[in-house]
Amino acid sequence: MLLGQHQDHLYIAKADTNAQLVWERSYYSSVEWPQQPNSICEIGDSSYVIAGVTENKGYLFKINSVGDTLFSITDTNIVGNNISNLKQAPDGNFLALVTHYGIVSLLKFDNNLNVIARIDSLTPPFLRGMEVVNNTIYILKRDSVNNLLLINNNFTQIDSVTIPLGFPVYLK
């Protein structure tokens, strides 16, 4: 999937494994401010969820496998000022890092964009990344003690590990 913006339009394109364009779509923003997409993720029901910011509000936008709009939300109580780092959860739902006025939370959403689990106040310090491997969610914080959090699919912390950090460090 390719994700971008042009003026007030959100642009999404799907390419096959040979980099041939399968389809492309442009979605017009109904607000006066341009959308700033920052993450896209395929989820368990073969649809795609796009996260981003518009007018200092986070948004989630869901499309089906051929790019048809399913629905979206911009409720700042849910998606905050910014939403990013979309990842498919081990159970087929999806995860996102949501910022509410500088405080980051990890949220799990179902396929209908309803919040089904959350871990609040992951900052300070700021986060460097999140990855999902098998049934474990790894979150790398930007501090020097217990900076790698291991969380299971039920949002229970499994462990925390201290790893030496040098800049830049990315979790992938």
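Colleague: Which strands are the edge strands of the open sheet?

Modeller: Four strands form this open sheet, in the order β4-β5-β6-β7, with antiparallel pairing. From one strand to the next, the twist averages 20°. An edge strand pairs on one side only, and that holds for β4 (36-42) and β7 (69-73).

Colleague: Is the ring pair of Y27 and F61 stacked or edge-to-face?

Modeller: Y27 is in strand β3 (residues 21-28) and F61 in strand β6 (residues 57-63), 34 residues apart. Both Y27 and F61 are buried. Planes over 60 degrees apart count as edge-to-face. The ring centres of Y27 and F61 are 4.9 Å apart and the planes stand at 75°, so the pair is edge-to-face.

Colleague: How many residues apart in sequence are the parts that F94 and F109 tie together?

Modeller: F94 and F109 form a stacked aromatic pair, 5.0 Å centre to centre with 10° between the planes. F94 is buried at a relative accessible area of 0%, and F109 is also buried, at 0%. F94 lies in strand β9 (residues 94-100) and F109 in strand β10 (residues 103-109), so the parts they tie together are 15 residues apart.

Colleague: With which residue does K62 form a salt bridge?

Modeller: A search of the whole structure finds six salt bridges. K62 is in strand β6, and its partner is in the loop between β4 and β5, 17 residues apart. The closest N and O atoms are 2.9 Å apart, and the partner of K62 is D45.

Colleague: In which strand is the residue K87 that meets E131?

Modeller: The side chains of E131 and K87 meet in a salt bridge, 3.3 Å from N to O. E131 is buried, with a relative accessible area of 14%.

Colleague: Is D120 buried or partly exposed?

Modeller: The side chains of D120 and R118 meet in a salt bridge, 2.9 Å from N to O. R118 is partly exposed, with a relative accessible area of 39%. Buried means under 20% and exposed over 50%. D120 is at 43% relative accessibility, so it counts as partly exposed.

Colleague: Does N153 count as buried or exposed?

Modeller: N153 lies in the loop between β14 (148-152) and β15 (157-161). Leaving aside residues up to four places away in sequence, N153 touches A89, P90, D91, K108 and N135. The cut-off for buried is under 20% relative accessible area. N153 is at 16%, so it counts as buried.

Colleague: Among the elements of the chain, which strand has the highest mean pLDDT?

Modeller: The chain averages a pLDDT of 84, and 88% of the residues score at least 70. Where pLDDT is low, the predicted coordinates should not be read in detail. Strand β1 (residues 2-6) has the lowest mean among the elements, 82, and the highest, 93, belongs to strand β11.

Notes: Residues numbered from 1 in each chain as written. Predicted model: local features only at pLDDT ≥ 70, side-chain atom pairs only at ≥ 80, totals over all residues. Heavy atoms only, no water. Phe/Tyr/Trp six-rings, centres within 6.5 Å; stacked < 30°, edge-to-face > 60°. Helix = DSSP H or I, 4+ residues; strand = E, 2+ residues; numbered from the N terminus. Buried < 20%, exposed > 50% of the residue type's maximum accessible area, 1.4 Å probe, protein only. Contact = heavy atoms within 4.5 Å. pLDDT = per-residue confidence, 0-100. Pairing = 2+ DSSP bridges. Axes fitted to C-alpha atoms, helices over the stretch in contact; angles between N-to-C directions. Salt bridge = Lys/Arg side-chain N within 4 Å of Asp/Glu carboxyl O.
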